[in-house]
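Thanks for coming, everyone. Please have the sequence and the structure open while I talk. I'll go piece by piece.

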Amino acid sequence: MNEMSKNENLDIQIYNFAYLDENTKRMIRRALLKALCIPGYQVPFSSREMPMPYGWGTGGIQVTSACLIPKDILKVIDQGADDTTNAVSIRKFFQKTANVAVTEKTSDASLIQTRHRIPETKLKEKQILVYQVPIPEPLRFLEPRETETRKMHALSEYGLMYVKLYEDIAKHGHIETAYAYPVKTNGNYVTDPSPIPKFDNPKMNNSPAIQLFGAGREQRIYAIPPYTNVKSLDFEDYPFEAMKANFKCSICGSSDSYLDEIIVSDDGKRSYICSDTDYCKEQTKLNSKKED
Amino acid sequence: MENYPFSENSINSSIAFRSLVNATSYPGRTFQINKLNKPSVLSNAAATILITLCDNESNVYLSKEYNTDEVRDWLIFNTGAIISNKKNADFVIGTWKSLLPLNDFKIGVPEYPERSATLIIEETKYKKVKCNIDGPGIKNKLNIDLPNPELFIENNNLYPLGLDFYFTNDLEILSIPRSTKINIIKSEL
């Protein structure tokens, strides 16, 4: 059965649609649906070797591969940017193996694969956001044994995580954790939001879009369905605070988007620009319209 | 070729799976499934779930109406699935009445809540009770009709363990995962 025999593009004939074989997709698809039924719970799956190294999004790419349809418009971002190596490579990978349309515009995309950011533009219903996850287990650095962390999740025993956050306060006067800030999903499982800045955490809560997480090396898939309560862990007297650098983007002037700090001269002069390149472009366009 | 469930397997299974993702993500809403080659007794939607998700690791329980040579041959030939009893089933297919009581199906264990059965409910000829549902995937509370809602409430009380349901009707699919909370509005006779 050569699925691609009708396609004239010889390059893609050698692949099954979206690279992975059908049996692998079935296994991933079963894991994805159970993950959606149990928000925030990490479903084990037998992750495949992908044509890229671990840490470059092997989990995300497998989830995307299992979800992609020919009509999709794919957007891939790495730290908010569409034009960095990781994003460009993954986008090209799916252009080649699935022949899908691609875009840089968040609002045009039907499936967005992301590394370490959530787009600034609000997501819509039925849009799928696929996160690349390095360490899916939020408790792993506190308890290295999988048998123990599994039991802790089963018993909702998250005291250790609160102790960690408390120690932050005791040492630094505030919760120092700035990225991969743990959340509680649907009031049950403590979940790792992947290394997004905590500025992005509120965007996960009650989002109309479907959020899927793939950790290739660690062989875990988890999900946050749309309109699901996602609460960043905190204390009554030390409430969660989404923060960002207190500057304006030096390209578009936006003061409400997450900023990257860049060094612009040899003597260490700093400048700040939007981490979300699509958002920055949109804001720049809006500004020039206003000036006209 | 025309006897395969999907004409272009890898493309059409991806489209089918996307409908399942949408249905599972937005419980209580109806989503459309495309037609496929399937045994006459199965609905397109139910056949699509089986063909998209099952392989030789999947235990499938067929209730009496569906446990026919035609269904078994089709399922085993196309997926390699194992025909199983209620207790071990990963996927269950039947009419509502034929699957009761639900306690025989596996609900997962606290360490592995995903090791639970997915129930595919065929036909809509059951006694309907007006319910109001809420939970993950539901923006504003939705009104839907369910059979024996007390069983769905019981199932939700097991959360994060429990059964996940798909209601299938010809080309339509609707999901009620274990995370969905159910309120009975009133009983209709």
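Start in chain B, with strand β5 (residues 107-109) and strand β6 (residues 112-116), which run antiparallel and are joined by two bridges. Helices and strands here are DSSP runs, numbered from the N terminus: H or I with at least four residues for helices, E with at least two for strands. Two strands count as paired if DSSP finds at least two bridges between them. Val109(B) stands opposite Tyr112(B) in β6(B). A hairpin of two residues takes β5(B) into β6(B).

A word on what you're looking at. This is a predicted model: local features need pLDDT of at least 70, side-chain atom pairs count only at pLDDT 80 or more, and totals for chains, interfaces and linings use all residues. Residues are numbered from 1 along each chain as its sequence is written, while chains are lettered from A and ligands numbered from 1 in the order in which they are written.

Now confidence. pLDDT is the predictor's confidence in each residue, from 0 to 100. Chain A averages 94, with 96% of the residues scoring at least 70. The model scores ipTM 0.97 and pTM 0.95. Where is pLDDT under 50 in chain A? Over residues 1-6, for which the model has ten contacts beyond four places in sequence. Where pLDDT is low, the predicted coordinates should not be read in detail.

Stay in chain B for two peptide bonds. Leu100(B) and Pro101(B) are joined by a cis bond, omega about -5°. Pro101(B) sits in the loop between α4 (96-99) and β5 of chain B. The bond from Tyr159(B) to Pro160(B) is also cis, with omega near 5°. Pro160(B) lies in the loop between α5 (149-157) and β10 (164-169) of chain B. Most residues other than glycine have a negative phi, and most peptide bonds are trans. On the phi side, look at Ser194(A): phi is near 70°, a positive value in a residue other than glycine. Ser194(A) is in the loop between β7 and α7 (201-204) of chain A.

Next, the sheets of chain A. One is an open sheet of seven strands, order β1-β9-β8-β5-β4-β2-β3, with mixed pairing. Gln113(A) has Val130(A) in β5(A) as its bridge partner.

α2(A) lies across β1, β8 (210-215) and β9 (220-224) of chain A, at about 40° to β9(A). Helix α4 (residues 85-98) of chain A packs on the sheet and touches β2 (73-78), β3 and β4; its direction makes about 155° with that of β2(A). Axes are lines fitted to C-alpha atoms, for helices over the stretch in contact, and angles run from 0 to 180 degrees between N-to-C directions.

The other open sheet has three strands, order β7-β6-β10 in chain A, with antiparallel pairing. Neighbouring strands of this sheet are turned by 35° against each other on average, direction ignored. Three bridges join strand β6 (residues 183-185) of chain A to β10(A). Lys184(A) stands opposite Lys231(A) in β10(A).

Back to α2(A). Its axis and that of helix α3 (residues 58-67) of chain A come within 9 Å and cross at roughly 95°. That makes α2(A) roughly perpendicular to α3(A), a label for angles of 65 to 115 degrees. Lys25(A), Ile28(A), Arg29(A) and Leu32(A) of α2(A) meet Gln62(A), Val63(A) and Ala66(A) of α3(A).

Finally, the two chains together. How many residues of each are in contact? 34 residues of chain A and 31 residues of chain B. Contact means C-beta atoms, placed from the backbone, within 7 Å. On chain A, α2 (22-37) and α5 (146-154) each supply at least two residues of the side that touches chain B. α2(A) gives the most, with ten residues.

Methods
Two residues are in contact if their C-beta atoms, placed from the backbone, lie within 7 Å. Angles under 35 degrees count as roughly parallel, over 145 as roughly antiparallel, 65 to 115 as roughly perpendicular and the rest as oblique.
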